Amino acid sequence: MTPAKSDTPLQILISAPDDAVAQFQPAIAKALTAAGVTSHIAPDLAPENVDYIVFAPNGMIADFTPFTRARAALSLWAGVDKVLDNPTLTLPLARMVDPGQREGMIEYVTAHVLRHHIEMDRYIMTSQGWDQIAPPLARDRKVTVLGVGELGGACASALGALNFNTHGWSRRPRTVPGVTTHTGDAGLDDALSGADIVVCLLPTTPQTENVLNATTLALLAPGAVVINPGRGSLIDDAALIAALDSGALGHATLDTFRVEPLPEDHAFRDHPKVTVSPHVASLVRTDTSAAVIAKNICRGEAGEPFQHLVNRQAGY
Ligand SMILES: NC(=O)c1ccc[n+]([C@@H]2O[C@H](COP(=O)([O-])OP(=O)(O)OC[C@H]3O[C@@H](n4cnc5c(N)ncnc54)[C@H](OP(=O)(O)O)[C@@H]3O)[C@@H](O)[C@H]2O)c1
């Protein structure tokens, strides 16, 4: 993976909001220097001179056709749903698979699963009393993770290691240590039936839209909890609120929404059974993600295949 030596600095466009440019530009430069690559990274290069595009896929580049020399578009984000329908983006497209972000997601998911598992809210609410009802052990809780890819697979593994009766669901068959895995429509029913806690870590695609709806939510155990750090489109909002209001569901912990920022007057904001966070379940971490970008650029320069390429047909 040693790139061919050249005295000419690689021209790397970084296209992202100003704060992200300030965050990632020096870190990527440092990682490339450490890898022996000379680079010039800037947010304002002439398109025809650009060798690599490092970008936040939020529509800042509308037209990729002037980047005639670019070898790849490297996303700073894990989710690339906002750019996949751009017909001008025909370059190899790699999404972010950041070990730091993976660690952060494991921490977020296990924290929220444990909050509900040990029934922390109930004990805090009854702290004036002396209610000594023991919650079940993890082995007696069915926790299902929808999507067992880079993030969901790591979270499911961690939950399995905590002894939860952990299930996972994916498009293709997957093996995840300590996890019972399922695929397909029948597999979804098996994964959700009787689940006490569901964690959504699917990408947004036409196939995953509203995967949690009135029918699938009805499969969960009474009083079940939904945790969604995946994407807002995975859940039918009205069906979720109806299930919370009827008592069928116990709680929803939501980090992602159909409209972000979540509108001030949205029913999730003040719902007593909903916890809202502002899409911060796990952000990309500067140094670990810069190393991923630098490694992919080195692979490109060495003529090796890029890592983490998006499967455009599958939509993620
Ligand atoms: N809130 C946050 O802070 C935050 C941060 C980062 C990412 N995210 C979200 O997390 C998502 C997952 O990230 P990741 O890196 O783990 O993605 P990933 O590695 O691509 O994993 C996606 C998982 O979803 C499964 N899947 C996709 N379509 C499916 C379908 N139609 N039916 C069943 N399973 C399906 C995949 O199945 P296969 O295994 O068969 O491919 C895979 O297991 C991202 O797309 C993004 O939306 C949120």
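This is a predicted model: local features need pLDDT of at least 70, side-chain atom pairs count only at pLDDT 80 or more; totals for chains, interfaces and linings use all residues.
A polar contact is taken here as a pair of N or O atoms within 3.5 Å. A nitrogen atom of the ligand sits 2.9 Å from a polar backbone atom of Arg 171, which places the pair inside the 3.5 Å limit. The backbone of Pro 229 also takes part, with one of its polar atoms 2.8 Å from a ligand nitrogen. Asp 255, in turn, contributes through its side chain, a polar atom of which lies 2.9 Å from a nitrogen atom of the ligand. Considered alone, the ligand exposes 930 Å², and the protein buries 94% of that area. Helix α4 supplies the largest share, three residues. In total, 29 residues surround the ligand, and the closest of them are Arg 95, Leu 151, Arg 172, Arg 174 and Tyr 316.

Attention now turns to the sheet. Five strands form an open sheet with parallel pairing, in the order β2-β1-β3-β4-β5. Strands β2 (39-42) and β5 (93-94) each have a single partner strand and stand at the edges, so one side of each is left without a neighbour in the sheet. Helix α1 (residues 18-34) packs on this sheet and touches β1 (10-15), β2 and β3, with its direction at about 175° to that of β2. Further along the order, β3 (residues 52-55) and β4 (residues 72-75) are joined in the parallel sense by four bridges. Within this pairing, Val 54 has Leu 74 of β4 as its bridge partner.

Phe 55 belongs to the strand itself and has a relative accessible area of 2%, so it counts as buried. Beyond its neighbours within four places in sequence, Phe 55 is in contact with Ser 15, Phe 64, Ala 73, Leu 74, Ser 75, Leu 76, Val 83, Leu 89 and Leu 93. The C-alpha atoms of Phe 55 and Val 21 are 9.2 Å apart, although 34 residues separate the two in sequence. Asp 51, for its part, lies in the loop between β2 and β3. Its relative accessibility is 4%, and because buried means under 20%, Asp 51 falls in that class. With neighbours within four places in sequence again set aside, the contacts of Asp 51 are Pro 9, Leu 10, Gln 11, Arg 69, Ala 70, Arg 71 and Ala 72.

The backbone geometry also holds a few points worth a look. Most peptide bonds are trans, and most residues other than glycine have a negative phi. Against that background, the bond joining Glu 260 and Pro 261 is cis, with omega about -5°. Pro 261 is found in the loop between β11 (249-254) and β12 (274-276). Two histidines have a positive phi. For His 279, phi is about 50°, and the residue is located in the loop between β12 and α8 (286-301). His 279 is partly exposed, at 30% relative accessible area. For His 308, phi is near 65°, and the residue lies in the segment after α8. A relative accessible area of 25% makes His 308 partly exposed as well.

Technical notes. Residues are numbered from 1 along each chain as its sequence is written. Side-chain values use heavy atoms; hydrogens and water are left out. Two strands pair if DSSP finds at least two bridges between them. Contact means heavy atoms within 4.5 Å. Axes are lines fitted to C-alpha atoms, for helices over the stretch in contact, and angles run from 0 to 180 degrees between N-to-C directions. Buried means under 20% relative accessible area, exposed over 50%, partly exposed in between (1.4 Å probe, protein chains only). A residue is near a molecule or strand if one of its heavy atoms lies within 4 Å of it. A polar contact is a pair of N or O atoms within 3.5 Å; within protein, one must be able to donate a hydrogen and the other to accept it, and residues adjacent in sequence count only if both atoms are side-chain atoms. Accessible areas come from the Shrake-Rupley method with a 1.4 Å probe; for residues, only the protein chains shown count as cover.
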